[in-house]
Amino acid sequence: GGNRSHPTTLFGGPVLCVGCGGEDDGTAHFYSRNENDEKGGAAAYASSGPALPYPDFVEWDGDGRLCAVVVESRVTIYLSDPPNFLLLGSVRIGSAMEPVAVTSVKFVHGVLYCTTKTSVQCIFMGDLEREDSVCHLDSFILASKDVSNLPVKSSDALGYSSWTPRTTPMALNHPKILGYQSGSLLVSTVVGVKAISLNNPLLRIGSLLAAGESDGAQQWFDAVPEADHEALAAFLDRRGFPELALQLSGLSMETIIDYCIKYGFTDQLVEAIENEGIEKIRRINASSNGGFGYDENNQSMVVNVGAYLLSQGKVAYVRLLVQDCLGSGSEGRRDAFVLASLLMAVDASDAQEIIKETVSNPEENWPVAAYYRDHVL
C-alpha cells in the first residue's frame, strides 16, 4: 500500500517477507497475520517493523522462531514471538573493507551457520527468553580456504588465544551446511562431503547451550584452563547463563561480586564472602569501574557489597560484616562506620553503638571521626 513498489518476491515462513522492486534498489517488509481476523485473505496481514533492504534470501529455524535475513555480507537475525517480531542483531561476514557475500545459512540446534564460497562461520545467539536483556551475538570462522597450513609461530600471530577456536585450513568450494555427526559439522561441496571438527571447548559449550543441554556443556568446563575462566564466564553470560559462570574456579572475586549483584545471586555472594574473606574484597580496586558502576565516589567494595546485602534483607549478615570490619584496622573501621549508618534504618540503637566504636580512637586521622566525636556524641 501507499508509495510502496509492487511485490516481486515472496520469502515464505511463519512471518511472510515480501520483496518489492528490484534487488539493487528494492525493499522488503515482514507481514504477520492478525489472528483475530476470521475472514482471512490479504487483508488479514499487517506489516511488522520498518522497511528492510531487499534480501538475497531468508532462512528460518525448525521451530519457526529464529529468522536470518541475508543481504550480501550482512546477516540479520530476528526472533518471532507473536505478536512481536524482534531484531536480535546482525553480523557482517568478512570485514567492512573486504565484505564477503554469504551463499547460504542454516540453523542447527539454535546455532546459525553461514557459508561463503570458501568458508564456514558460526553465530551463537544470546539469551532469547529475557525481554529486558540484550541478545549478544558471537561469531567464529570455523574453516576457510584462505588460512595457511603452515604452523603459527606465535599464539597471537593471527589474533588467536588459547580460548579462541582456530580456523581450520580447508579447501572448501561452495560449501553448504548438512548437520552434525560425531562431533563435527558436515558440509557438502562441489567435490564431496567434508567434516569440520567442532572439538574445541568454546564451540562445544556454545553448541550444547544453544541446544538446551546445559549439563553437557558443563562437562566441557574442565577442558578450559583456569587462566581462561574469565573469558569463559563472559561467554556464558552473553549466552544467558550467568549462573553457570559462577561455577568456574578461576574467577576473580571482583567478577563473582559483579555477577552476583547484577543478577541477584545473593546466596552465592554470601558463600563467596565466607570462603574468601573480607580482606580479599577490600583488596579490589573500588575505582576500577566495575560492571555495576561502584566507582562514582571511590567507594569501598565492602560497603557496596554490604549495601546490596542490606537491600536483600540480609541484616544479620551485614552486622557480621561490620564486626569483621572493626577488626581490620583504620580502613575497616571506616567501612564499618558507613555500614552502621545504613543499619540506622533497621536498628538505630545498635547502629549507634557501632558508630561510637568506629570513631572511638582519638589518634585516628579521619575528619569524619573527629567531627562525630566533637559534635554528635
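Helix α8 (residues 301-311) packs against helix α9 (residues 315-326) at an angle of about 160°, and their axes lie 8 Å apart. Residues are numbered from 1 along each chain as its sequence is written, and side-chain values use heavy atoms, with hydrogens and water left out. Helices (H or I, at least four residues) and strands (E, at least two) are DSSP runs, numbered from the N terminus.

**Helix pair α8 and α9**

- Axes here are lines fitted to C-alpha atoms, for helices over the stretch in contact, and angles run from 0 to 180 degrees between N-to-C directions.
- α8 and α9 are therefore roughly antiparallel to each other; angles under 35 degrees count as roughly parallel, over 145 as roughly antiparallel, 65 to 115 as roughly perpendicular and the rest as oblique.
- The crossing of α8 past α9 is left-handed (the near helix is turned anticlockwise from the far one by less than a right angle; clockwise would be right-handed).
- On the α8 side, the contact (heavy atoms within 4.5 Å) is made by Val302, Gly306, Leu309 and Leu310, and on the α9 side by Val315, Tyr317, Val318, Leu321 and Cys325.
- The residues of this contact between α8 and α9 divide into 8 nonpolar, 1 polar and no charged, where Ala, Val, Leu, Ile, Met, Phe, Trp, Tyr, Cys and Pro count as nonpolar, Asp, Glu, Lys and Arg as charged, and the others, Gly among them, as polar.

**Helix pair α5 and α6**

- Helix α5 (residues 253-263) and helix α6 (residues 266-276) cross at roughly 160°, and their axes come within 9 Å.
- That makes α5 roughly antiparallel to α6.
- α5 and α6 have a left-handed crossing.
- From α5, Met253, Ile256, Ile257, Cys260 and Ile261 meet Gln268, Leu269, Ala272, Ile273 and Glu276 of α6.
- Sorted by class, the contact of α5 with α6 has 8 nonpolar, 1 polar and 1 charged residues.

**Helix pair α1 and α3**

- Helix α1 (residues 201-210) and helix α3 (residues 229-239) cross at roughly 20°, with axes that come within 11 Å.
- α1 and α3 are therefore roughly parallel to each other.
- The crossing of α1 past α3 is right-handed.
- Leu202, Ile205, Gly206 and Leu209 of α1 make the contact with Leu232, Phe235, Leu236 and Arg239 of α3.
- The contact of α1 with α3 has 6 nonpolar, 1 polar and 1 charged residues by class.

**The sheet of 4 strands**

- This open sheet runs in the order β1-β2-β3-β4 with antiparallel pairing; two strands pair if DSSP finds at least two bridges between them.
- β1 (7-11) and β4 (45-53) are at the edges with a single partner strand each, so one side of each has no neighbour in the sheet.
- On average, neighbouring strands of this sheet are turned by 25° against each other, direction ignored.
- Strand β3 (residues 27-33) pairs with β4 in the antiparallel sense over 6 bridges, and Phe30 stands opposite Ser48 in β4.

**The sheet of 3 strands**

- Another open sheet has the order β14-β15-β16, again with antiparallel pairing.
- Its edge strands, β14 (176-181) and β16 (192-197), each pair on one side only.
- From one strand to the next, the twist averages 30°.
- β14 and strand β15 (residues 184-189) form an antiparallel pair over 5 bridges, and Gly179 stands opposite Leu186 in β15.

**Confidence**

- The protein chain has a mean pLDDT (the predictor's confidence in each residue, from 0 to 100) of 83, and 83% of its residues reach 70 or more.
- Residues 150-160 have a pLDDT below 50, and this stretch has 9 contacts in the model beyond near neighbours in sequence.
- Residues 289-296 also have a pLDDT below 50, with 15 contacts in the model beyond near neighbours in sequence.
- Where pLDDT is low, the predicted coordinates should not be read in detail.

Key: Predicted model: local features only at pLDDT ≥ 70, side-chain atom pairs only at ≥ 80, totals over all residues.
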